[in-house]
Amino acid sequence: MSEFHEVDWQNASVQDRVTSNKVLFRLMVQLSKKLDVHFDTLLKEAQEQAISKAEDPHRNFEKGKIAKERSHKIHEWIARNHFEWAQEEAPELFLVPRKNDWDQFLENAVFRDGLAVVDALGFGIASRLPPEDMGGVTLRLGQAYGFELVADSLGQAVAFEEYGGTWHPLPLGETPVSLKADLKLGKNQLPRTGNGKAMPLYEHHDSGPHRFIFVVREGCKLPVDRKSIAKLAKTTPLLVYEARSYVV
């Protein structure tokens, strides 16, 4: 059996793989529609290789007859990136959750000091104690807050908020699509307007723990999506900062 006790792609015969391959094909078709991404684009990403230029490159896949290496990569890609959905659609193939690239990135990251949740009205420091020492800064529903990031070099930052197990991009500018901020040396108040004025954030409904991750690339630009950041981190040094809050 394989490491995850689902399909032993390496040792299963061609015939034994047919049924599972057909399921993978169905899931990729469903994902293409669900994500509104062309099937070939998803398949190229999942199998980590270009699509065949054959007359009908997907016919064998639909019939369940593709190489075990491709099957394994597609299976693991779905498991890493869409596990909960896939488990509902095909529980026999998705028994054990995988860590996606973003989770692996955070697990390997070296977190730096220098990020704090602050009082957005005056930007006095609410707390610099590490999250593990205090469980995060306590905020009331509707209370204004922001962040202070102390940078020791010029660079660019993007940020994400986790609540209830789901990650969301955290805008650092005036609009919901302003996802990047250029950093100056020393204290940076975020989010901020184009004129550099601090902008308050509010939690109106989501009580409980919140986690914030700021990723900084020194001297260069950053992508804004978690998957691209995790991929970039494999070849490029990135700085990672963390802050937590608890909303009551």
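A residue counts as buried here when its relative accessible area is under 20%, as exposed when that value is over 50%, and as partly exposed in between, using a 1.4 Å probe and protein chains only. The model is a predicted one, so local features need pLDDT of at least 70 and side-chain atom pairs count only at pLDDT 80 or more, while totals for chains, interfaces and linings use all residues. Residues are numbered from 1 along each chain as its sequence is written, and side-chain values use heavy atoms, with hydrogens and water left out.

Let's stay with Glu76 and Arg98 for a moment. The two form a salt bridge, with their closest N and O atoms 2.9 Å apart; the term stands for a side-chain nitrogen of Lys or Arg within 4 Å of a carboxyl oxygen of Asp or Glu. This pair links distant parts of the chain, since Glu76 sits in helix α4 and Arg98 in the loop between α5 and α6, 22 residues apart. Helices are DSSP runs of H or I with at least four residues, strands are runs of E with at least two, and both are numbered from the N terminus.

Glu6 forms a salt bridge with Arg98, and here the closest N and O atoms are 2.6 Å apart. Once again distant parts of the chain are linked: Glu6 belongs to the segment before α1, and 92 residues separate Glu6 from Arg98, in the loop between α5 and α6 (101-108). Arg98 counts as buried because its relative accessibility is 11%, and Glu6 counts as buried because its own value is 11%.

Asp101 lies in helix α6 and Arg80 in helix α4, 21 residues apart, another link between distant parts of the chain. Asp101 has a relative accessible area of 26%, so it is partly exposed, and Arg80, at 23%, is partly exposed too. Elsewhere, salt bridges with shared partners tie Glu162, Arg211, Glu242 and Arg244 into one network. The structure holds 11 salt bridges.

Next comes the packing of helices. The axes of α2 (residues 39-47) and α4 (residues 68-81) come within 8 Å and cross at roughly 105°. That angle makes α2 roughly perpendicular to α4. For reference, axes are lines fitted to C-alpha atoms, for helices over the stretch in contact, and angles run from 0 to 180 degrees between N-to-C directions; under 35 degrees counts as roughly parallel, over 145 as roughly antiparallel, 65 to 115 as roughly perpendicular and the rest as oblique. On the α2 side, the contact (heavy atoms within 4.5 Å) involves Leu42, Leu43, Glu45, Ala46 and Gln47, and on the α4 side Arg70, Lys73, Ile74 and Trp77.

Ile74 turns up again in the largest nonpolar core. This core has 24 residues, and those with the most contacts inside it are Met28, Phe61, Ile74, Ile78 and Phe94. A nonpolar core is a set of buried Ala, Val, Leu, Ile, Met, Phe, Trp, Tyr and Cys residues joined through side-chain atoms within 4.5 Å. At least two core residues come from each of α1 (14-35), α2, α4 and α5 (83-89), and α1 gives the most, with six. Leaving aside neighbours within four places in sequence, Ile74 is in contact with Leu24, Met28, Leu43, Ala46, Gln47, Phe61 and Ile66. Apart from this core lies another, of 23 residues, including Ala151, Leu172, Leu183 and Phe212.

Ala157 is found in strand β5 (residues 155-163) and, at 0% relative accessibility, counts as buried. Not counting residues up to four places away in sequence, Ala157 touches Leu172, Leu179, Lys180, Ala181, Leu183, Val215, Val216 and Leu222. Val137, in strand β3 (residues 137-139), is buried as well, at 10% relative accessibility. Val137 and Ser245 are 108 residues apart in sequence, yet 4.5 Å apart in space, C-alpha to C-alpha.

Leu190 and Pro191 are joined by a cis peptide bond, with omega near -10°, and Pro191 lies in the loop between β8 (186-190) and β9 (208-218). Asp36, in the loop between α1 and α2, has a positive phi of about 55° although it is not a glycine. Asp36 is exposed, with a relative accessible area of 70%.
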